[in-house]
Amino acid sequence: MTGDLFADSPPDWREPLAPGAVVLRGYALAAAPVLLATIAAVQRQAPARRMETPGGYTMSVATSSCGALGWVTDRSGYRYSAIDPDSGTPWPPLPATILDLGIAAAREAGYPGFAPDACLINQYEPGARMGLHQDRNERDFTAPIVSISLGLPATFLFGGPRRADPARRLPLAHGDVVVWGGPSRLFFHGIAPLRPGLHPATGALRYNITLRRAG
Ligand code: SIN
Ligand code: FE2
């Protein structure tokens, strides 16, 4: 045995999900410690908070943002805002650690030239969930969505173009990245209620970093 039998094979991250959609298994694993430190730094400036939905419910997921535009919700609707409504100041800048990884993941998934201007940071406690929804507050849908999972494992629900379409249930682990765009850009997706647990890197939490071209 030479030990370098597979040395020239590129890492096999790719797990096709749907037309235009792929899971890159473990793609963010090496960067995870830096990404978690980056999340903590962003949250010091723009703390995670549970926003109110247009229907008057409080989200179970606590959110924050960085970048030129942050995703917000309140009684008047879902939208992007250049200002953090809690502080009245702009969101923290999008750190290069997150930006570079997101651009590289998009390229790996077949979307070169991704130029995100919005970075949503979701924080899940056990029981927190994200109901099936489409990402459709962005100005145009030509850019993909890049979604990085950190910490406790979750079950990702990935459906189709209609809410009633059956949704696949996909385990997402620490370091997995999901990219969807093109024909699946507007597919319904969500996160099943987070199961309790302890992750060595995040304790009792799951984080999700979502990069988008919003403006
Ligand atoms: C989202 O769709 O905004 C969140 C997805 C996730 O937490 O993985
Ligand atoms: Fe989403």
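A pocket here is an open set of grid points, on a 1 Å grid over the protein atoms alone, with protein on both sides within 12 Å along at least five of seven lines. In this predicted model, the largest pocket has a volume of about 580 Å³. It is lined by 31 residues. Those closest to its centre are Met-59, Trp-71, Met-130, Gly-131 and His-133.

Several strands build the lining. β5 (77-81), β6, β7, β12 and β13 each give two or more residues to it. β13 gives the most, with four residues. By class, the lining has twelve nonpolar, 13 polar and six charged residues.

Now place the ligand. Ligand 1 takes up the space of the largest pocket. The largest share, three residues, comes from β13.

Look at the shell residue by residue. Ligand 1 is surrounded by Asn-122, Tyr-124, Met-130, His-133, Ser-147, His-189, Ile-191, Arg-206, Asn-208 and Arg-212. Three of these residues are nonpolar, five are polar and two are charged.

An oxygen atom of ligand 1 is 2.5 Å from an N or O atom in the Tyr-124 side chain. For the side chain of Arg-206, the distance from a ligand 1 oxygen to an N or O atom is 2.9 Å. For the side chain of His-189, it is 3.1 Å. Taken alone, ligand 1 exposes 260 Å², and the protein buries 98% of that.

Key
Residues numbered from 1 in each chain as written. Chains lettered and ligands numbered in written order. Predicted model: local features only at pLDDT ≥ 70, side-chain atom pairs only at ≥ 80, totals over all residues. Heavy atoms only, no water. Near = heavy atom within 4 Å. Polar contact = N/O pair within 3.5 Å; in protein donor to acceptor, adjacent residues only side chain to side chain. Areas by Shrake-Rupley, 256 points an atom, 1.4 Å probe, with all protein chains shown as cover. 1 Å grid on protein atoms, 1.4 Å probe; cavity = no way out; pocket = protein on both sides within 12 Å on 5 of 7 lines; lining within 4 Å. Sits in = over half its atoms within 2 Å of the grid points. Nonpolar A, V, L, I, M, F, W, Y, C, P; charged D, E, K, R; others polar. Points joined across faces, edges and corners; volume = space filled by probe spheres on them.
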